[in-house]
Structure formats: structure tokens, C-alpha cells
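Biologist: Please show me the model. I want to know what stands behind each label you put on it.

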Amino acid sequence: MNCKIGVISGDGIGPEIVREARKVLDRVAERFGHQFMYMELLLGGASIDAYGVPLTEETIEKAKSCEAVLMGSIGGDAKTSPWYQLEPSRRPEAGLLGIRKALNLFANLRPAYLYEELREACPLRADISEAGFDMLIMRELTGGLYFGARKTEEVDGVRTAMDTLSYNEHEIRRIAKRAFDIAMKRRKKVCSVDKANVLDSSRLWRKVVEEVAKDYPEVALSHMYVDNCAMQLVMNPAQFDVILTENMFGDILSDEASMVTGSIGMLSSASLNDTRFGLYEPSHGSAPDLAGQDKANPIATILSAAMMLRYSFDLDQEAEAVEAAVRQVLKEGYRTGDIMSEGGICTGTTQMGDLIAAHI
Ligand code: NAD
């Protein structure tokens, strides 16, 4: 298979972790007989340095010409970086929001998986973490409360603010389909999370999700109120496979789910549109405190590349090979500083990439 991949190395530790992910992809290509072609794209601080703006039309057009984009993190230290002297619309993060919008990336996926070897980092009680968990939060990314009309005004001398939460059936249907498609590649369970006992938008959400479910008879659908879900994530995370939810609920729940793994350097993510295109990036930031020191954990970016293989290229076997290599390296005791524990073998960014590539 020939695949054209856009690469945004980004800022801070971005270039180091993306380099390791490419190393692993190159090994996959060699082992399975594919050809991956890379196209470098500038975004965030690196784009500001080159062009004075965090996102250019050129980057958008080049990204659109690729089948998927792999990205390191962007941004710098807000206290010391000159990028943060610029007005907000010209700062690195504006580039990220801009590219998500330009590429119509409405579905955000964040897996939360507890590696047996990293169980000690899990902040949950041992009797809960023992069962392990492997879930994926699918969050709607371009609608709902964060994009609805808002205003702040004085009503009869009282300062009053308003935000609106609105979804139409098309927005709900397209993300629900994505969630069911992905559940078919996993354990075939979707838990749709809403607040249908209170909100009209949630009642419509529930109806449309049920309509979509009819096309996926093999997938077991359940519904859960968001407040209950927040509790269940810490009481019994093993019950979840795919959690499907709207923008704000997903924002909160995906952070909660990632934190119960306890390992920020391990968390991958993907943002998808309604084609097979996706933008794949680690969930963490650009860690300017670690940049250029060979200390960053590249695993979140390597696992994001595995998601790219699975969701944009349908290369499930290759994705599994990458995930198995990560598990094996952890099993052998290798750890970057962020996941180090007693008895572990401390490795740098480059060595971690080498080890994972060597296990494919
Ligand atoms: P951060 O995630 O960069 O760092 C938080 C802590 O986690 C730091 O101690 C850091 O050293 C550590 N850490 C993060 N990734 C690591 C890795 N791979 N290996 C080892 N340790 C790791 O969050 P922050 O410090 O709040 O933000 C730094 C910059 O990143 C800011 O400019 C922020 O805007 C940006 N940011 C970008 C994204 C993105 O590109 N999607 C997301 C979050 C933050």
C-alpha cells in the first residue's frame, strides 16, 4: 500500500517524538511491504517563526492533499516564549483550532488503556485497577455548547451570561456512525453518554443514536447519564468499550479517563472527519521543559501512528504489531523518565523508539 502522510513535527518535544514515530512507521513499511511518503507541514510556533502566523493556507492545502496527518504537540512556555506576546489569534494554539476547523475534524478519539506493567501509576484502588481497562472516548468536536451562540449582558442591572447548546440530527448521526464503525473494530459495545433526563439536545442525541444502532445489529448499545458515567469511570472502568458523547461532556470525561491511566506520555488521540482522513497526535502538550534533552516519552505519538494505520489506512494487523511492540518493550522493563518505577531500565526518547521499532 502507498500512503501519503503529512507530518507536523511541531514545537518543544514535538520533533523528537515525531522522529521516533516515523522510525516505527518506516519499520512497519519494511516489515509489511508498504510505502509511506511523508510531507512536512508547518503549524504552531514553527509556522510563526517561518511566516509570522500559526497556520497558513499552504499548510491547509498540503494537509488536504495527504491521506492522514501525524502531529507532535505544538506550543511553547507561555511565560517565556515570544509567541505568547502575540494577540491570541496569532498564537500557536490558534493554528491547531484553525486546522481542525479547516479539515472538518468533528470526531475526537481518545483511548484510555491500562498497561499491566504501568498499573502502579493508576490512581485507582488496586481491586479496581486489577481488572484493567481498555476504552475509547469518542467526543463530538465541532458542535454543542462550545460553538453555540453566547452573550454577556446586563439585564435589569444584573450581569447575565448565556451560552447555547444545540445539535441537529445530522451532526449526531455522523458521529454516531463513526462510533459504531469503530466499535465494530473493537469489542462491539457503545455506551452513549448524555443528560437526557434534563436536556432536549440529549433527548434528540439519544433518539438519533438509537436510529443509527439499527444498522449495527452486532453492536450492543447502552445509554448512561453523564453524572453516572463520571462515577463509573473511577468505580468500574472495565465495563466500557466505546463511549460516545457530545462536545463538553467528552471534554471532561476524556480527561478523567486519561488521568485514571496515570501516564500522560502514553496517551494517543485522533481527530477524524467523514472521510478516512484523520489528524493523529499525542494527548499531551509540547513539554518545553523536556525539549531537546532526549527525555520525552515517544509512546503516545507512536500509538497515535498506530491509530492512523488502523483508522485511516485500515491496516489493523500493522496497528496491532505496533501496539504489541510497545507492550513487549514495557514488559522487558524499559521506561522513559515519566513512567519510571523501581527496577525499570531508564531509556531516552531515541532508544525507546529504537526498541519499539526493533520489536516489529
Ligand atoms: P504538557 O502536556 O506539555 O506537560 C505537562 C507535564 O507533562 C510536564 O511536566 C511535561 O514535562 C510532562 N510531559 C508531557 N508530555 C510528556 C512526554 N511525552 N514525556 C514525558 N513527559 C511529558 O502540558 P503544558 O506544560 O500545560 O503545556 C505545554 C505547551 O503545550 C503549552 O504551550 C500548551 O499550550 C501546549 N499544548 C499543546 C497541545 C497540543 O498540541 N494538542 C495540548 C496540550 C498542551
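The talk below takes the labels one by one.

Modeller: First, the ground rules. This is a predicted model, in which local features need pLDDT of at least 70, side-chain atom pairs count only at pLDDT 80 or more, and totals for chains, interfaces and linings use all residues. Residues are numbered from 1 along each chain as its sequence is written, and side-chain values use heavy atoms, with hydrogens and water left out.

Biologist: Why is the contact of Glu20 with Lys23 called a salt bridge?

Modeller: The term asks for a side-chain nitrogen of Lys or Arg within 4 Å of a carboxyl oxygen of Asp or Glu. The closest N and O atoms of Glu20 and Lys23 are 2.5 Å apart. So the pair meets the definition. Side chains of opposite charge can pair when their charged atoms come close.

Biologist: What makes Glu20 and Lys23 about one helical turn apart?

Modeller: They are 3 residues apart in helix H1 (residues 14-32), so about one turn separates them. Helices are DSSP runs of H or I with at least four residues, strands are runs of E with at least two, and both are numbered from the N terminus.

Biologist: Is Glu20 buried or exposed?

Modeller: Buried means under 20% relative accessible area, exposed means over 50%, and partly exposed is in between (1.4 Å probe, protein chains only). Glu20 has 0%, so Glu20 is buried. Lys23 has 24% and is therefore partly exposed.

Biologist: Which other residue forms a salt bridge with Lys23?

Modeller: Asp354 does, with the closest N and O atoms 2.6 Å apart. This pair links distant parts of the chain: Asp354 is in helix H12 (residues 349-358) and Lys23 in helix H1, 331 residues apart. Asp354 is partly exposed, at 38%. A network of salt bridges links Arg19, Glu20, Lys23 and Asp354.

Biologist: How do you know that Asp134 and Arg186 form a salt bridge?

Modeller: Their side chains meet at 3.3 Å, N to O. That is within 4 Å, so the label holds. Asp134 is in strand E5 (residues 134-140), while Arg186 is in the loop between helix H6 (169-184) and strand E8 (189-194), 52 residues away. The structure holds 25 salt bridges.

Biologist: Why are Met231, Val234 and Met235 called a nonpolar patch?

Modeller: A patch takes residues with over 30% relative accessible area and no salt bridge; nonpolar side chains (Val, Leu, Ile, Met, Phe, Trp, Tyr) are joined within 5 Å, like charges within 9 Å. Met231, in helix H8 (residues 226-235), has 46% and is partly exposed. The three residues share about 270 Å² of accessible area, computed by the Shrake-Rupley method with a 1.4 Å probe, where for residues only the protein chains shown count as cover.
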